[in-house]
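This report goes through the structure shown below, one topic at a time. Please keep the sequence beside the 3D view while reading.

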Amino acid sequence: MIQKDKIEVELVPVKEDELEMLHKMQIESFMPLYEKYHDDGSPAIESIERIRRRAAVINRQYYFIVKDGVRVGVINIGHNDPNEKKVSFISPLFVLPKYQNQGLGYAAIQKAFEISPEVTTWKLETILQEKGNCHLYEKCGFKRVGDENIVNDKMTLIFYELHV
């Protein structure tokens, strides 16, 4: 079997003065989902202040997903507990619309695993109705866990974990 060329991305730490750019990218990436589901917790309507608070947490880091020198998305990894090193959350992860469905989310998750070898449990949540997202996480080895969280009549959040 011939394997496709592996997609290479870099994860470049986001600096404090780049959070406004990150915020604009997040709005662009999540607005189609917000327009579809109208959920009050959508990253599309998250304030820049909330992003700044998340960025300031000691054990969390935003990274630009960079492909061929272009910022194509963002991944945030870490934990809200500054002392927790074995459990890490991915939240949020997004790829700009014009770069979606090219394997960049998968490549970014693989790179997150690579740069965080101390993590033994990865966690995330996603929208049940977004089959592409579910497929991505399952392709990365995540398994569904826990209860479903019904947000509204159109949208349900589900939880995934990966134990390495």
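## Aromatic pairs

Y137 and Y160 are both buried, where buried means under 20% relative accessible area, exposed means over 50% and partly exposed lies in between (1.4 Å probe, protein chains only). The model is predicted, so local features need pLDDT of at least 70 and side-chain atom pairs count only at pLDDT 80 or more, while totals for chains, interfaces and linings use all residues. Residues are numbered from 1 along each chain as its sequence is written, and side-chain values use heavy atoms, with hydrogens and water left out.

Rings of Phe, Tyr and Trp (for Trp, its six-membered ring) pair if their centres lie within 6.5 Å; planes under 30 degrees apart count as stacked, over 60 as edge-to-face and the rest as tilted. By this rule there are five aromatic pairs. One of them is F30 with F94, which is edge-to-face, with 5.6 Å from centre to centre and 70 degrees between the planes. F30 belongs to helix α1 (residues 19-37) and F94 to strand β4 (residues 87-95), and the two are 64 residues apart. Helices (H or I, at least four residues) and strands (E, at least two) are DSSP runs, numbered from the N terminus. Both F30 and F94 are buried.

The ring centres of Y137 and Y160 are 6.0 Å apart and their planes are at 55 degrees, so this pair is tilted. Y137 lies in helix α4 (residues 131-139) and Y160 in strand β7, so the pair ties together parts that are 23 residues apart in sequence. Y137 and Y160 also belong to one aromatic cluster with F113, W122 and F142.

## Charges over rings

A charge sits over a ring if NZ of Lys or CZ of Arg is within 6 Å of the ring centre and within 35 degrees of the ring normal. R71 lies over the face of F64, at 4.2 Å from the ring centre. K139 has its charged end over the ring of Y106, 4.8 Å from the centre.

## Strand β7 and its partners

Strand β7 covers residues 155-163, and seven of its nine residues are buried. Two strands pair if DSSP finds at least two bridges between them. Strand β5 (residues 121-127) runs antiparallel to β7 and is joined to it by seven bridges; here E125 stands opposite F159.

Strand β6 (residues 143-152) also pairs with β7 in the antiparallel sense, over six bridges. In this pairing N149 stands opposite L157. The hairpin that joins β6 to β7 passes through two residues.

## The nonpolar core

A nonpolar core is a set of buried Ala, Val, Leu, Ile, Met, Phe, Trp, Tyr and Cys residues joined through side-chain atoms within 4.5 Å. In soluble globular proteins, nonpolar side chains tend to be buried together. The largest core has 48 residues, and I75, I90, L93, I109, W122 and F142 touch the most other members.

Contact means heavy atoms within 4.5 Å. Leaving out residues up to four places away in sequence, the contacts of I75 include L11, Y63, I90, L93 and A112.

## Two buried loop residues

S116 is in the loop between α3 (104-115) and β5. Its relative accessibility is 9%, so S116 counts as buried. Beyond four places in sequence, S116 touches I77 and W122.

L128 lies in the loop between β5 and α4, and at 18% relative accessibility L128 counts as buried.
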